[in-house]
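Here is a short report on one protein chain. Look over the sequence and the model before reading on.

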Amino acid sequence: HNKLFEDKSDALYFGESSTTYLPWPTAAERIARDLDRPKAIIILRHPVARCFSHYRWRYRLGLEKRSFLEAIKNDGFGFDPEQPTEFGYMAYLEFSQYARQCQVWEEALGSMNCLILASDDLRKHHERTLTRCFDFLGLPPLNTYSKPENVNETSTLGRRPSRTMTGLAGLLPRGFKSSPVYRQLRDKILKVTAPVAPVAMTTEERTFVEESLAEDIAWYEARFAIPNKVD
């Protein structure tokens with residue numbers, strides 16, 4: 001882990017990010033215990049939008065085949081990184097329970113050591129938000145900022161390789177599997193065969209999510225002073 005932060009390039013700063021730290025209290029406890037004066041930058045998407053995006057991401061990867069309503073009713077909670085069940089985890093609702101999760105982190109690290117931001121601010125006000133982050137960390141800001149690009153768009157993802165595909169790939173010569181031609185062909189096949197994820201929630205699904213995450217939606221909208229609306 002520490003080798004990730006060895007200075008092997010001309011990078012000015014090194015950092016680490018994870019979507020699985022926030023909902024896991026043990027992570028906050030260990031970081032507070034093992035690191036010297038740690039600080040955390042917590043970037044949050046609207047709880048409802050994040051929940052549906054989580055589902056669409058796994059659906060596109062071929063890991064989820066159920067309707068959104070069935071998935072959140074059966075696997076809305078139960079996140080445990082020490083007992084993973086499938087790639088990417090489920091617990092679709094639990095990952096959006098910001099009110100409780102942020103409180104855990106502020107209590108573990110101290111509220112002054114947690115900077116909580118809305119992802120919309122990072123996207124729409126990129127340079128200003130990055131400056132806030134550098135100020136929070138006590139670091140000189142960068143002289144220039146790259147224009148943010150849209151990344152990790154669900155519609156561009158390829159599916160995860162199936163066991164059958166992985167098994168067949170194992171029969172190919174090692175040299176061929178490491179070639180650019182093989183990688184390009186594999187990625188194209190995975191993208192073409194990826195399931196098309198639903199683009200919108202049904203009225204019933206949205207109602208269920210909003211009722212399940214009512215406390216967290218209220219917390220989020222009050223924290224960032226935004227109207228009661230999900231884009």
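C114, I116 and A118 point one way from strand 2, while L115 and L117 point the other way. Each of these residues is buried, where buried means under 20% relative accessible area, exposed means over 50%, and partly exposed is in between (1.4 Å probe, protein chains only). Five of the five residues of strand 2 are buried, so the strand is largely enclosed by the rest of the structure. Helices (H or I, at least four residues) and strands (E, at least two) are DSSP runs, numbered from the N terminus.

This is a predicted model, in which local features need pLDDT of at least 70 and side-chain atom pairs count only at pLDDT 80 or more, while totals for chains, interfaces and linings use all residues. Residues are numbered from 1 along each chain as its sequence is written, and side-chain values use heavy atoms, with hydrogens and water left out.

Strand 2 has a partner. Strand 1 and strand 2 pair in the parallel sense over five bridges; two strands pair if DSSP finds at least two bridges between them. Within this pairing, I42 stands opposite I116 of strand 2.

Which residues have the most contacts inside the largest nonpolar core? They are L22, I42, L44, C102 and W105, in a core of 21 residues. A nonpolar core is a set of buried Ala, Val, Leu, Ile, Met, Phe, Trp, Tyr and Cys residues joined through side-chain atoms within 4.5 Å. Four elements each supply at least two residues of this core: helix 1 (25-34), strand 1 (40-44), helix 4 (98-109) and strand 2 (114-118). Helix 4 gives the largest share, four residues.

W105 shows how such a residue is surrounded. Leaving aside neighbours within four places in sequence, W105 is in contact with Y21, L22, A27, A28, I31, A40, I42, G110 and C114. Contact means heavy atoms within 4.5 Å.

**A second core**

A second, separate core has 17 residues, including I72, M90, Y92 and L93. I72 is found in helix 3. Is I72 buried or exposed? I72 has a relative accessible area of 2%, so it is buried. Not counting residues up to four places away in sequence, I72 touches C51, Y92, L93, E205, F208 and V209. F176 is elsewhere: the C-alpha atoms of I72 and F176 are separated by 41 Å, and the two residues are 104 apart along the chain.

**Helix 4 meets helix 11**

Helix 4 also packs against helix 11, at an angle of about 65° and with the axes 8 Å apart. Axes are lines fitted to C-alpha atoms, for helices over the stretch in contact, and angles run from 0 to 180 degrees between N-to-C directions. Helix 4 brings Y98, A99, R100, C102 and E106 to the contact, and helix 11 brings E215, D216, W219, Y220 and R223. These residues divide into five nonpolar, no polar and five charged. Here Ala, Val, Leu, Ile, Met, Phe, Trp, Tyr, Cys and Pro count as nonpolar, Asp, Glu, Lys and Arg as charged, and the others, Gly among them, as polar.

A222 is found in helix 11 (residues 214-223). A222 has a relative accessible area of 62%, so it is exposed. The C-alpha atoms of A222 and W24 are separated by 23 Å.

**Aromatic pairs**

How many aromatic pairs does a search of the whole structure find? The search finds 10. Rings of Phe, Tyr and Trp (its six-membered ring) pair if their centres lie within 6.5 Å; planes under 30 degrees apart count as stacked, over 60 as edge-to-face and the rest as tilted. Two of the pairs are shown here.

| Pair | Type | Centre to centre | Angle between planes |
|---|---|---|---|
| Y55 and F68 | tilted | 5.0 Å | 45° |
| F79 and Y89 | edge-to-face | 5.2 Å | 85° |

Y55 lies in helix 2 (residues 47-60) and F68 in helix 3 (residues 68-74), so their pair ties together parts that are 13 residues apart in sequence. Both Y55 and F68 are buried. F79 and Y89 are buried too. One aromatic cluster is formed by F52, Y55, Y59, F68 and Y92.

**Two positive phi angles**

R37 is not a glycine, yet R37 has a positive phi of about 50°. R37 lies in the loop between helix 1 and strand 1 and counts as exposed, at 73% relative accessibility. A91 also has a positive phi of about 50° and is not a glycine. A91 lies in the loop between helix 3 and helix 4 and is buried, with a relative accessible area of 5%.
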